[in-house]
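Thank you all for coming; I would like to take a few minutes to walk through one model, going from the overall layout to some individual residues. Please have the sequence and the structure open while I talk.

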Amino acid sequence: VYNSGVPSVVSGSRRVGHLLTSGGYKCEIPAFDSSGWKAAYYAAVRAFGAQYDGDPRISAIFIQTGVDGETQLVKSGYANWASIVDQQVGGLQYRFKQFILEAMSVWREAFPTTPLFIANAPGWRRETAEHALTFSPPIGMQHCGMWTDSGNHKGYGNAVGSWDMYEQYQG
């Protein structure tokens with residue numbers, strides 16, 4: 001069973017996400033399509049920033065968005081969860097991508113002076129890298145799979161490789 005990771009002290013007895021099922025397996029993911037859920041998340045980020053932006057004890061913050069903190073909604077294990085989420089909660093992949101970009105903006109707003117990094121793999125690498133460059137100061141990239149010899153380290157055609165955004169980000 002995958003778990004959304006939302007602590008019970010926050011969620012209480014109510015579910016704060018979507019429960020996907022496949023055979024005997026279950027996958028719980030946060031409600032990235034819920035304006036209420038996102039508002040609560042953004043309020044927490046802003047409160048965190050009000051307390052800790054510029055605190056000398058904090059050298060950097062890593063923005064965590066999806067599974068394993070990375071820019072992926074689901075991970076295929078035990079079932080093809082990417083297909084299942086499309087079937088059981090249509091549009092959630094798109095809403096998650098919107099959430100990532102919005103979250104980056106809210107984190108930068110809340111932490112204008114603290115170095116920020118987005119855990120930028122494996123999903124939507126190009127979009128998040130380009131968006132990261134629009135901020136002042138820019139949001140840094142944290143790649144979660146740093147193998148230079150992986151099969152997708154260099155992109156081709158419309159496929160973005162794991163290291164392509166770093167070539168663009170230099171400078």
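What we have here is a predicted model, in which local features need pLDDT of at least 70 and side-chain atom pairs count only at pLDDT 80 or more, while totals for chains, interfaces and linings use all residues. Residues are numbered from 1 along each chain as its sequence is written, and side-chain values use heavy atoms, with hydrogens and water left out.

The protein has six helices and five strands, where helices (H or I, at least four residues) and strands (E, at least two) are DSSP runs numbered from the N terminus. Read from the N terminus, the order of the elements is α-β-β-α-β-α-α-β-α-β-α. Of the 171 residues, 40% count as buried, and by buried I mean under 20% relative accessible area, with exposed being over 50% and partly exposed in between (1.4 Å probe, protein chains only). The exposed surface comes to about 9,400 Å², of which carbon and sulfur atoms supply 53%; these areas come from the Shrake-Rupley method with a 1.4 Å probe, and for residues only the protein chains shown count as cover. If we take the contacts (heavy atoms within 4.5 Å) with a separation of 6 or more, residues 24 or more positions apart account for 66% of them.

Let me move to the core. In soluble globular proteins, nonpolar side chains tend to be buried together. A nonpolar core here is a set of buried Ala, Val, Leu, Ile, Met, Phe, Trp, Tyr and Cys residues joined through side-chain atoms within 4.5 Å. The largest one has 36 residues, and those that touch the most other members are Leu20, Ile29, Tyr41, Leu73, Phe99, Trp107 and Ile139. Several elements supply at least two residues each, among them strand E2 (25–30), strand E3 (61–63), helix H3 (81–88) and helix H5 (125–132), but H4 gives the most, with nine residues.

Next, the rings. A search of the whole structure finds 14 aromatic pairs, meaning rings of Phe, Tyr and Trp (its six-membered ring) with centres within 6.5 Å, where planes under 30 degrees apart count as stacked, over 60 as edge-to-face and the rest as tilted. Phe48 and Phe111 form an edge-to-face pair, with 5.4 Å between the centres and 65° between the planes. Phe48 lies in helix H2 (residues 35–52) and Phe111 in the loop between helix H4 (92–110) and strand E4 (116–119), so this pair ties together parts that are 63 residues apart in sequence. Phe48 is partly exposed, at 34% relative accessible area, whereas Phe111 is buried, at 0%. Phe111 also pairs with Trp107, this time in a stacked arrangement with 5.7 Å between centres and 20° between planes, and both Trp107 and Phe111 are buried.

Ring pairs also link Phe32, Trp37, Tyr41, Tyr42, Phe96 and Phe99 into a cluster. Leaving aside residues up to four places away in sequence, Phe99 touches Phe32, Trp37, Lys38, Tyr41, Tyr42 and Thr65.

Now the hairpin. Strand E1 (residues 17–22) and E2 pair in the antiparallel sense over six bridges, pairing being defined as at least two DSSP bridges between two strands. Two residues separate E1 and E2 in this hairpin, and Gly23 in the turn has a positive phi of about 60°. Within E2, Cys27 is the bridge partner of Leu20, and Lys26 is that of Thr21.

Which elements do the buried residues of H3 pack against? They pack against E1, E2 and H4. These residues are Trp81, Ile84 and Val85. Down the axis of H3 they fall within an arc of 100° (taken from the directions from the helix axis to the C-beta atoms), so they line one face of the helix.

I will finish with two single residues. Glu102, in helix H4, is partly exposed at 32% relative accessible area. Glu102 and Tyr42 are 60 residues apart in sequence, yet their C-alpha atoms are 9.2 Å apart. Thr71, by contrast, sits in the loop between E3 and H3 and is buried, with a relative accessible area of 0%. Outside the four places on either side in sequence, Thr71 touches residues including Thr65, Phe96, Ile100, Ile118 and Trp124.
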